[in-house]
Amino acid sequence: MASSYKYIQILRFFVQVFFMLALIVGIHLNAWKWLLIPIFIFGVFFCGWVCPFGTLQEWCQMAARKVGFKSYKLPLQIQKYAFISRYLFLAFSLLGITWGTLDARRTFTDNVWTNTGQITAYLIMGAFIIASFFTPRPFCNYFCIGGARMGLYSIVRFFGIRRNQKCCIHCHLCTKICPMNIQVEELNFVRHPNCINCFRCVGVCPKNCLAYRKCNSLGQKIVSNQNK
Ligand code: SF4
Ligand code: SF4
Ligand code: SF4
């Protein structure tokens, strides 16, 4: 099972390259808006497979690991509250408080290629790109209101990562590799709004306890608060 998920990682990489190239040649993300429709059923594939700014952060993190940089994550006690930040920013934006130059994803997808952004926006975007060498997807995790919106839609999804607790040996590998800082090993079904369907947790499980499957019920735990 895990080996088939390794091929999925290769496929995911090529899909990410495709959408990055599409942006570079001038095909705006709005052209792919129909890809958002299946979120309610399948989860947020858009963030893990399509979004070029998410991809860029992921590639920076991969490059940093290759050259031996250490990757940092917030301590669990802070993370369990910090993940809410992007939902707070979403709430502010719904109240009319504009995100403007702080929205590094928009700067990257809308302004970089047309050279129409403000210098402040470019500096902020650059800061997030540099930060992603040291921590996975910093903008996605804590600041992206687009990701927050899609994440909230995905809470009702029917398909997601299911963990077979009978075979789990609590080796922590799935939790450690998750770029969105989800405590995978504490959930029976990952319906966490931050999950981006990257399947990295599935591929790393030494016991093949994780798989992308249909959920059994809507009542399963969404967010873990346990500290292991
Ligand atoms: S969270 Fe935002 S920046 Fe990250 S992949 Fe999703 S839409 Fe893109
Ligand atoms: S990687 Fe697999 S065995 Fe290890 S904690 Fe996660 S689900 Fe359990
Ligand atoms: S839970 Fe698994 S699929 Fe979801 S973001 Fe984390 S590593 Fe990716």
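Colleague: In helix H7 (residues 104-111) of this predicted model, which residues are buried?

Modeller: Ala-104, Arg-105, Arg-106, Thr-107 and Phe-108 are buried.

Colleague: What makes a residue such as Arg-105 count as buried?

Modeller: The cut-off is 20 or more other C-beta atoms within 10 Å of its own.

Colleague: Where do the buried residues of H7 pack?

Modeller: They pack against H4, helix H8 (119-131), H9 and H10.

Colleague: What surrounds ligand 1?

Modeller: Its shell is Cys-47, Cys-51, Phe-53, Gly-54, Arg-105, Phe-139, Cys-140, Cys-144, Gly-146 and Gly-147. Helix H4 (52-66), helix H9 (138-142) and helix H10 (145-154) each give two or more residues to that shell.

Colleague: Why are three residues of the ligand 1 shell called polar?

Modeller: Gly counts as polar here, so Gly-54, Gly-146 and Gly-147 fall in that class. Arg counts as charged, so Arg-105 belongs there. The shell also has six nonpolar residues.

Colleague: And ligand 3: which residues come nearest?

Modeller: Of the 13 around ligand 3, Cys-178, Met-180, Cys-195, Cys-198 and Cys-201 do. Cys and Met count as nonpolar, so these five belong to that class. By class, the shell has 11 nonpolar, one polar and one charged residues.

Colleague: How do you know that E1 and E2 pair?

Modeller: Pairing needs at least two bridges. Strand E1 (residues 159-163) and E2 have two, in the antiparallel sense, so they pair. Val-190 in E2 is the bridge partner of Ile-161.

Colleague: What makes E2 and E3 edge strands?

Modeller: The open sheet runs E2-E1-E3, with antiparallel pairing. Strand E2 (189-190) and strand E3 (210-214) each pair on one side only.

Notes
Residues are numbered from 1 along each chain as its sequence is written. Chains are lettered from A and ligands numbered from 1 in the order in which they are written. This is a predicted model: local features need pLDDT of at least 70, side-chain atom pairs count only at pLDDT 80 or more; totals for chains, interfaces and linings use all residues. A residue is near a molecule or strand if its C-beta atom, placed from the backbone, lies within 6 Å of it. Helices (H or I, at least four residues) and strands (E, at least two) are DSSP runs, numbered from the N terminus. A residue is buried if 20 or more other C-beta atoms lie within 10 Å of its own, exposed if 12 or fewer, and partly exposed in between; C-beta atoms are placed from the backbone. Two residues are in contact if their C-beta atoms, placed from the backbone, lie within 7 Å.
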